[in-house]
Amino acid sequence: MTKRAVLALADGTTFEGRAFGAVGETVGEVVFNTSMFGYQEILTDPSYVGQIVTMTYPEMGNVGATPEDEEAGKPHAVGMVVRALASQPSNWRATESLDAYLKRHNVAGIEGLDTRRLVRHLRTHGAQMGVISSEGLSAAALTERARSAHGMEGLDLATGVSTKTPYVFDMPSPDVFSGQSAQPLTNPRFEVVAYDYGLKKSMLHFLVDVGCRVTVVPATTTADEVLARKPHGVFLANGPGDPAAVKGADRTVAALLGKVPVFGICLGHQIMALALGGRTYKMKFGHRGGNQPVKDLTTGKVEITAQNHGFAVDDASLKGKAVVTHINLNDGTVEGLAVPDARAFSVQYHPEASPGPHDARYLFGRFAKLMAG
Ligand SMILES: NC(=O)CC[C@H](N)C(=O)O
């Protein structure tokens with residue numbers, strides 16, 4: 001039997017729908033993603049820790065779920081909002097339905113509400129804390145719960161989600177259609193250390209694809225420990241929460257810049273900006289989806305990019321310490337930085353996509369070229 005569920009936002013707006021996934025209650029920042037597909041990659045992206053994801057595309061669940069499409073071992077989003085949930089997946093790769101997958105991982109969802117109204121509301125009033133509940137509490141009680149929840153600003157979520165111990169990753173991207181299992185990289189051209197702030201598996205695959213053997217290390221690893229490994233390059237991964245709250249990360253990266261080539265993605269990009277003395281700020285509702293236009297100012301080319309961020313780098317705060325290499329064509333915000341003297345660069349968007357367009361994959365090659373010297 002379907003159960004009634006309510007989504008209550010901190011500003012008092014409420015939506016009624018039906019529960020799917022885990023029955024119960026969840027609290028998180030309510031954000032929206034405009035990707036039409038790839039919900040499993042989105043749900044399992046650790047950058048969504050503490051967030052309830054609303055999908056703007058109206059039907060979700062039609063390709064079910066499969067372990068192969070996970071970006072990390074489990075969903076990290078704390079809730080999901082969809083217009084219509086497909087009850088019957090149709091996909092030869094699916095091992096279970098989206099509903100069963102979220103139930104198994106204890107993630108609550110709500111469906112059957114007007115997601116267009118919700119998204120327009122978030123765009124006008126900003127992303128905010130919210131509660132999904134199927135426990136029959138009054139709307140006023142749920143609103144109060146949303147209002148008293150801690151927002152994203154000031155939250156270090158990356159340290160908690162990072163690996164506890166270092167590990168080596170040397171598997172290239174899998175070819176899902178050939179059915180053949182990929183073989184580990186035999187002759188790595190580069191040894192790379194990757195800071196895990198909440199990284200997505202596909203980033204590691206693409207690093208291996210350009211010849212890197214990757215040692216993934218905890219977010220708290222010191223610059224000296226990393227340099228002692230004598231890597232050809234250091235990679236700064238994506239991750240959840242407020243970049244300015246990640247304990248010691250700015251100082252650590254500052255100690256690495258100039259000593260070894262550095263490539264940062266999303267949270268890694270924001271931390272690189274902080275390490276250079278720049279500032280990050282919370283955006284009104286962020287960029288999440290697979291259709292964000294970005295201009296590469298070094299080539300003049302426009303890329304359609306995958307994105308997932310709620311914070312951004314303040315251009316004016318950089319004061320010439322880095323070159324702005326990419327901008328978002330929707331709102332002019334900073335999408336990429338470079339410090340040529342330090343052989344370091346970073347992007348706010350996601351060249352690994354997953355899900356999303358592949359326009360920006362060349363950036364992994366740019367990192368390899370930088371390390372080749
Ligand atoms: N995908 C990411 O790395 C997100 C970075 C950061 N948590 C933000 O929301 O801006």
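Strand β11, residues 190-196, runs parallel to strand β13, residues 233-236, and the two are joined over 4 bridges. Within this pairing, Val 193 faces Val 234 of β13. The model is a predicted one.

Both strands belong to an open sheet of 10 strands with mixed pairing, in the order β10-β12-β11-β13-β14-β19-β18-β17-β15-β16. The edges are formed by β10 (167-169) and β16 (302-313), each of which pairs on one side only. On average, neighbouring strands in the sheet are turned by 25 degrees against each other, direction ignored.

The aromatic side chains come next. The structure holds 7 aromatic pairs. One of them joins Phe 235 and Phe 263: the ring centres are 5.6 Å apart and the planes stand at 65 degrees, so the pair counts as edge-to-face, the cut-off for that class being over 60 degrees. Because Phe 235 lies in strand β13 and Phe 263 in strand β14 (residues 262-265), this contact ties together parts that are 28 residues apart in sequence. Phe 235 and Phe 263 are both buried.

Phe 263 also pairs with Phe 345, here in a stacked arrangement with 4.5 Å centre to centre and 15 degrees between the planes. Phe 345 lies in strand β19 (residues 344-347) and Phe 263 in β14, so this pair ties together parts 82 residues apart in sequence. Phe 345, like Phe 263, is buried. These residues are part of one aromatic cluster made up of Phe 206, Phe 235, Phe 263, Phe 345, Phe 364 and Phe 367.

Another ring contact involves a charge: the charged end of Lys 282 sits over the ring of Phe 311, 5.6 Å from the ring centre.

Notes. Residues numbered from 1 in each chain as written. Predicted model: local features only at pLDDT ≥ 70, side-chain atom pairs only at ≥ 80, totals over all residues. Heavy atoms only, no water. Pairing = 2+ DSSP bridges. Axes fitted to C-alpha atoms, helices over the stretch in contact; angles between N-to-C directions. Phe/Tyr/Trp six-rings, centres within 6.5 Å; stacked < 30°, edge-to-face > 60°. Buried < 20%, exposed > 50% of the residue type's maximum accessible area, 1.4 Å probe, protein only. Lys NZ or Arg CZ within 6 Å of the ring centre and 35° of its normal.
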